[in-house]
Amino acid sequence: MNSIAQLATLTEVLGEWADGIRRHQPERVASYFTQDALFQGFDKKHTIGRPGIVRYYDKQPVGVRPQFQIMEHRQLADDALIAYVDVDFIRPEGITVPVHLTVVLQQVEDLWLIRHYHVSKID
């Protein structure tokens, strides 16, 4: 996969992830992750798999709007991509929470899904 195709794949998956958050659809958001995804959001403890991801996004306030920019990306294998992403989570009251996000996507059959998600808050 060339760099342009990698970027298009990452943009599509992250765009759907962000849209699910904007619409406060936690089950939809979790559907963009593998069944056994390793997920580290803002909570102190990580979670494994979609049920924990649904719980995480369900407790987020309605109206959060993520805006992202892919800063770096690489192909790890024929079926795996990694990306370093800057994300601004804009809360309903207008406060922006900037983060760095590392994601690993894996191709599962015909779908690209997030297998690893780790966010770091920028203070």
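A residue counts as buried when its relative accessible area is under 20%. In this predicted model, that cut-off picks out Gln-6, Thr-9, Leu-10, Val-13, Leu-14, Trp-17, Ala-18, Asp-19, Gly-20 and Ile-21 in helix α1. An α-helix has 3.6 residues a turn, so residues three or four places apart point the same way.

Helix α1 spans residues 3-22. Its 20 residues reach 28 Å from the first C-alpha to the last, close to the 28 Å expected at 1.5 Å a residue. At its start, a side-chain oxygen of Asn-2 comes to within 3.1 Å of the backbone nitrogen of Ile-4. His-24 follows the helix and has a positive phi, near 50°.

The sheet is open and contains six strands. Their order is β2-β1-β6-β5-β4-β3, with mixed pairing. Strands β2 (47-48) and β3 (65-77) form the edges, each pairing on one side only. Helix α1 lies across β1, β3, β4 (80-90), β5 (96-108) and β6 (111-121). It runs at about 145° to β3.

Leu-38 has Ile-48 of β2 as its bridge partner. Helix α3 (residues 50-58) also packs on the sheet, where it touches β1, β2 and β6. The direction of α3 makes about 55° with that of β1.

Thr-47 belongs to β2. Its relative accessible area is 18%, so Thr-47 is buried. Beyond residues up to four places away in sequence, Thr-47 touches Ala-37, Leu-38, Phe-39, Gly-52, Ile-53 and Arg-55.

Conventions:
Residues are numbered from 1 along each chain as its sequence is written. This is a predicted model: local features need pLDDT of at least 70, side-chain atom pairs count only at pLDDT 80 or more; totals for chains, interfaces and linings use all residues. Side-chain values use heavy atoms; hydrogens and water are left out. Two strands pair if DSSP finds at least two bridges between them. Helices (H or I, at least four residues) and strands (E, at least two) are DSSP runs, numbered from the N terminus. Contact means heavy atoms within 4.5 Å. Axes are lines fitted to C-alpha atoms, for helices over the stretch in contact, and angles run from 0 to 180 degrees between N-to-C directions. Buried means under 20% relative accessible area, exposed over 50%, partly exposed in between (1.4 Å probe, protein chains only). The expected span of a helix is 1.5 Å times one less than its number of residues. A polar contact is a pair of N or O atoms within 3.5 Å; within protein, one must be able to donate a hydrogen and the other to accept it, and residues adjacent in sequence count only if both atoms are side-chain atoms.
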